[in-house]
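Let's take a walk through this structure together, with the geometric criteria spelled out as they come up. Have your viewer ready and follow along.

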Amino acid sequence: MAEKIKILYVDDEPENLVGFKASLRLDYQIFTAVNIPEAIRYLDKDPEIRVIFCDQRMPGKTGVDFFEEIRITHPLPVRIMLTAYTDVDSIIDAINKGHIFRYVRKPWIEADIIWAIDEANKFYMANSMLAIKNDELQKAYNELNKFAYSVSHDIRGPLSGILGAINLARDVDDVDEMKEMLFLMEKSVTKLNTYVLSMHDYYSLQRGELKITEIDFNNIMDELKAIYSVNSKINHVTFKVNVKQDEVFFSDKAPLRLILNNLLSNAFKYQDKSSKNKSVEVDIEIKKSEAVIYIRDTGIGILASHLGEIFNLFFRSNSLEVGSGFGLYNVKSALVKLNGHIEVDSVLHQGTTFKVTIPST
Amino acid sequence: MKAEFSFIIIDDSELDCFVTKKFLERTNKNFVIEIFNNAEHALDTIGKNHSLEGDLPTIILLDLQMPRMNGFKFVEEFEKLSPEIQKNYIIIILTVLSPSRDPKDLYGIFTYRKINSIVEKPLTKDKLNSLLNEVRMGSIK
């Protein structure tokens with residue numbers, strides 16, 4: 001059952017408060033305040049109060065004054081005026097100054113109050129949904145902004161480099177020089193290609209629906225082993241994979257593969273070229289419907305001050321190797337999709353360990 | 001032809017460094033050119049007043065968007081160096097300009113005392129020649 005709606009009633013006559021609470025307490029959670037300072041204390045203490053009823057005629061401040069004040073300090077709860085008089089002026093004031101949602105005439109009947117609460121609650125929900133949607137939109141918009149900004153560097157950057165090289169090539173006669181240029185141009189094109197591929201990953205992670213299937217980790221790792229064995233041989237990096245899976249595991253294969261692939265790719269990419277003992281180790285264990293994955297490398301490590309930022313879009317911790325700034329961001333998005341999480345532990349010049357935990361769906 | 005400048009290229013893209021270097025060499029094969037793929041290393045070297053070829057003025061061709069230390073940060077740090085070191089260098093921004101770039105950023109470039117010229121990538125022979133002419137004429141300091 002949904003939690004009871006929280007309602008605050010402010011009235012200087014205690015018997016009104018008692019009556020109100022008595023007839024409504026079963027369906028709602030009722031707070032009552034005999035004066036305005038007490039009402040404000042309730043509002044400060046409990047931000048989930050959704051509807052406020054307030055009597056107009058009270059000693060000191062009127063209901064209108066109260067509403068006018070909390071409209072600024074506590075804008076979320078919906079304000080409803082109770083008034084014993086058909087006092088047109090105070091109602092107009094309440095509407096204009098207190099921006100009240102409704103007014104209910106005293107002596108009230110229960111049906112009127114319940115109806116007012118229902119309507120107020122709908123209004124409250126619509127408003128808070130709107131606020132959530134607004135936040136989401138703002139986030140999406142910020143990301144888009146960042147995206148457009150980065151595209152200028154990561155796509156136009158390599159392109160302008162290639163363009164410059166072509167321009168220069170017109171005057172180059174020396175074959176060796178030409179070859180060196182072609183080698184560098186190839187690197188730029190490869191980088192561009194990787195960037196476009198990761199952009200595709202990024203997009204499909206943001207939009208795609210989950211496709212849950214049974215996952216065989218041995219199977220996935222065999223595919224990845226085939227891909228990385230070449231790199232492992234050429235660069236003399238020992239590559240060890242250890243999978244312990246004795247139970248069935250359900251998840252979406254595409255984001256799962258993306259996570260493993262990106263982490264592996266980094267583990268190989270950021271090796272210390274001069275080191276003698278280079279290795280990448282993957283340990284996967286499935287236990288109690290949870291996959292725990294360790295990916296350890298003996299690479300260059302990550303600066304402690306960068307650890308907090310490595311999962312951000314377009315963050316690059318290192319200038320030595322080509323990176324798009326997409327990789328770990330995509331890993332993080334994929335993990336959000338699979339309800340998993342990731343921890344990182346890194347020592348500069350010694351290596352990095354990523355620990356990934358993913359629940360079976 | 002005797003060289004009248006030396007150069008430092010700071011750019012994370014190897015290809016861009018290569019292309020810029022070749023263009024410079026084509027203009028004058030006696031130019032002394034030093035390349036840094038990382039602005040922090042460049043700053044270290046400059047900070048130690050490591051001057052090339054006596055006291056030739058050195059033109060720094062600086063990319064803006066680089067990981068770790070970007071071009072703006074480099075200039076900020078550079079401006080903290082002693083005036084004795086600074087006066088030997090001329091900083092010229094060599095970068096990709098794009099319409100999606102925040103105009104505030106571009107405007108911001110000129111608030112740096114040490115920057116007074118921008119060249120848009122890709123570099124060409126013409127752009128390089130007119131740049132060198134401007135430096136010779138003293139309109140870029």
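In helix α2 (residues 39-47) of chain B, the residues B:A39, B:A42, B:L43, B:T45 and B:I46 are buried, where buried means under 20% relative accessible area, exposed over 50% and partly exposed in between (1.4 Å probe, protein chains only). Helices (H or I, at least four residues) and strands (E, at least two) are DSSP runs, numbered from the N terminus. An α-helix has 3.6 residues a turn, so residues three or four places apart point the same way.

A word on conventions: this is a predicted model, in which local features need pLDDT of at least 70 and side-chain atom pairs count only at pLDDT 80 or more, while totals for chains, interfaces and linings use all residues. Residues are numbered from 1 along each chain as its sequence is written, chains are lettered from A and ligands numbered from 1 in the order in which they are written, and side-chain values use heavy atoms, with hydrogens and water left out.

Now turn to chain A. Here 5 strands form an open sheet with parallel pairing, in the order β2-β1-β3-β4-β5; two strands pair if DSSP finds at least two bridges between them. At the edges stand β2 (29-33) and β5 (102-105) of chain A, each with a single partner strand, so one side of each has no neighbour in the sheet. Strand β1 (residues 6-10) of chain A pairs with β2(A) over 5 bridges, in the parallel sense. Within β2(A), A:T32 is the bridge partner of A:Y9. Helix α1 (residues 14-24) of chain A packs on the sheet, touching β1, β2 and β3 (51-55) of chain A, with contact meaning heavy atoms within 4.5 Å.

Finally, look at the aromatic rings. Rings of Phe, Tyr and Trp (its six-membered ring) pair if their centres lie within 6.5 Å; planes under 30 degrees apart count as stacked, over 60 as edge-to-face and the rest as tilted. The count comes to 14 aromatic pairs over all chains. One of them joins A:F20 and A:W108 edge-to-face, at 5.6 Å centre to centre and 80 degrees between the planes. A:F20 counts as buried because its relative accessibility is 0%. Ring pairs also link A:Y9, A:F20, A:F53 and A:W108 into a cluster.

How values were computed. Axes are lines fitted to C-alpha atoms, for helices over the stretch in contact, and angles run from 0 to 180 degrees between N-to-C directions.
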